[in-house]
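Open the model in your viewer and keep the selection tool at hand. This tour tells you what to select next and what to look for at each stop.

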Amino acid sequence: MPFALSRRSMLQLAGGSLAMTLASPALAARRKLRPDFLWGAATAAHQVEGNNVNSDSWVMEHLKPNSFAAPSGDACDSYHRWREDMALVKQMGLNCYRFGIEWSRIEPEQGEYSNAELDHYRRMVDGCVELGLKPFITYSHFTVPRWFAAKGGWEEQTNVDHFLRFCERAAKALGPNYSHGLTFNEPNLAAQLSWQPGFRATMPYFVQASAAAAKAVGSDRFSSTPIFDVRRAGPIQAEAHRRAIEAIKSVRPDLKLGLSLSVADEQSAPGANGLERKIAEVYAPWFEAVAKDDFVGVQTYGRAVVGNDIDLPPASGVELTQTEMEFYPQALEATVRWVSKATKRPIIVTENGVATADDGRRIAYIDGALAGLSRAIVDGVDVRGYIHWSLLDNFEWNRAYTAQFGLVAVDRTSFRRTLKPSGLHLGRYARDNSI
């Protein structure tokens, strides 16, 4: 199916200047939202469960040397404490919990499915419902089984069938009590990272790490997100997404399905010419892939200022987050407008948040992001939910536990959870169902 917008139109909509001209004046009062609006918090299985020993990431985390600040280890021990986590979502006043099912646990070896693990995730779905929460399931949140990575991962067309069998079996096991799901989390991330100078600088190391991982698992290759060959993996994942939708809907035709995209507020640096090419590489193929989906998940953390062939570093003097990104909550308004216009699909914000140890700044970020989201909704953008990243301070990949995105703090020794003021603040929006 052709793109909903011409490339020129997508380029124009990506710029921050046009997004600002589209915005409505500030609202005099909060606007009530649709009664089924999703207010949620998100986690990912590998980042919170702990001891995901059969995954590709576990292999990569334990190479010597490696790029991880620390291995995931016990993470937040959410595999055992998921009821406590859900109770916190409920306590905040949210109505939705987005969590992942871990393929590496469900199929630890090719063709060997664990009924115990499928039962575990079914209990999580039902546990949400018992608390009055809407479960929102991610089928694949970056990690894959180590055997899948050793077979070439998403770089091999023949591997798609493995994912389809997993999706169909999981859909049957999870039951009827969840209404929304994502096939993939941010499958465009690797392409997006390829525009970042820091990621480019470390690519030679990642090539060596992949070779070391292959040797560790007794294979001649090891393909892991986000360091695979984007040109090979992108089209294969797009096909896997379309076919996974069919496989899951053969079991649950009523299920609302989509995928989430990592979307920055893409802005061109003055005089630069790289924005059009970046959009063509990072976004356009995925806008086509979601053309018939029930919704698109938008995941936004800030803006990117694009040079001729690379993103530029944040300007001197701007406020930076723990991940060295510019503190820029207004990006969400621009991205939901853009993706809505480009895809003609309903939007669910499946991730939005900020890495900071200052919870007051998190509250300010939430307020700024939701103010922009409100303006977009007033102007007719079909937004059906806002799910914050993250519920917990958790394992943030290469940064390990040094980036704090959570509405809830987690003690690294006792795993004690402490609800932050930002969680209660977001909950006030949710309880009133208004922005």
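**Stop 1**

Helices α5 and α17 are oblique to each other, a word kept for angles that are not under 35 degrees (roughly parallel), not over 145 (roughly antiparallel) and not 65 to 115 (roughly perpendicular). Select α5 and α17, residues 421-432: they pack at an angle of about 60 degrees, and their axes are 8 Å apart. Here axes are lines fitted to C-alpha atoms, for helices over the stretch in contact, and angles run from 0 to 180 degrees between N-to-C directions. Now show side chains. Lys-90, Gln-91 and Met-92 of α5 make the contact with Gly-423, Gly-427 and Arg-431 of α17. Contact means heavy atoms within 4.5 Å.

Before you go on, note that this is a predicted model: local features need pLDDT of at least 70, side-chain atom pairs count only at pLDDT 80 or more, and totals for chains, interfaces and linings use all residues. Residues are numbered from 1 along each chain as its sequence is written, and side-chain values use heavy atoms, with hydrogens and water left out.

The helices and strands are DSSP runs, numbered from the N terminus: helices are H or I with at least four residues, strands are E with at least two.

**Stop 2: along α5**

Stay on α5, residues 78-92. How far apart are its end C-alpha atoms? They are only 18 Å apart, short of the 21 Å that a straight helix of 15 residues would reach at 1.5 Å a residue. The expected span is 1.5 Å times one less than the number of residues.

Select Glu-84. A kink of about 35 degrees is centred there. The bend at a residue is the angle between axes fitted to the seven residues ending there and the seven starting there.

Next, colour the buried residues of α5, among them Tyr-79, Trp-82, Met-86 and Leu-88. Buried means under 20% relative accessible area, exposed over 50%, partly exposed in between, with a 1.4 Å probe and protein chains only. Just past α5, select Gly-93, which has a positive phi of about 105 degrees.

**Stop 3**

Step back into the loop between α4 and α5, and select Pro-65. The peptide bond from Lys-64 to Pro-65 is cis, with omega near -10 degrees. Ala-75 is in the loop between α4 and α5 too. Its phi is near 50 degrees, a positive value in a residue other than glycine. Ala-75 counts as buried, at 0% relative accessibility.

**Stop 4: helix α11**

Select residues 197-216, helix α11. Its 20 residues should span 28 Å at 1.5 Å a residue, and the end C-alpha atoms are 29 Å apart, which agrees. Where is the kink in α11? A kink of about 50 degrees lies at Met-203, shortly before the proline Pro-204. The buried residues of α11 include Phe-199, Phe-206 and Ala-209. They pack against α4 (56-61) and α10 (189-193). Just after α11, Gly-218 has a positive phi of about 75 degrees.

**Stop 5: the nonpolar cores**

A nonpolar core is a set of buried Ala, Val, Leu, Ile, Met, Phe, Trp, Tyr and Cys residues joined through side-chain atoms within 4.5 Å. The largest one has 116 residues, and Trp-39, Tyr-139, Trp-154 and Leu-373 have the most contacts inside it. Helix α9, residues 160-174, gives this core its largest share, eight residues. A second, separate core has 14 residues, including Ala-355, Ile-387, Ala-403 and Phe-405.

Centre on Trp-154. Not counting residues up to four places away in sequence, Trp-154 touches Trp-103, Phe-163, Phe-184 and Ile-236, among others.

Now pick Phe-148, in helix α8 (residues 146-150). Is Phe-148 buried or exposed? Phe-148 is buried, with a relative accessible area of 0%. Ser-223 is 75 residues from Phe-148 in sequence, but their C-alpha atoms are 8.3 Å apart.

**Stop 6: the loop between β10 and β11**

Select Ser-390, in the loop between β10 (383-389) and β11 (408-410). The bond joining Trp-389 and Ser-390 is a cis peptide bond, with omega about 5 degrees. Move to Trp-397, in the loop between β10 and β11. Phi of Trp-397 is near 55 degrees, a positive value in a residue other than glycine. Trp-397 counts as buried, at 18% relative accessibility.
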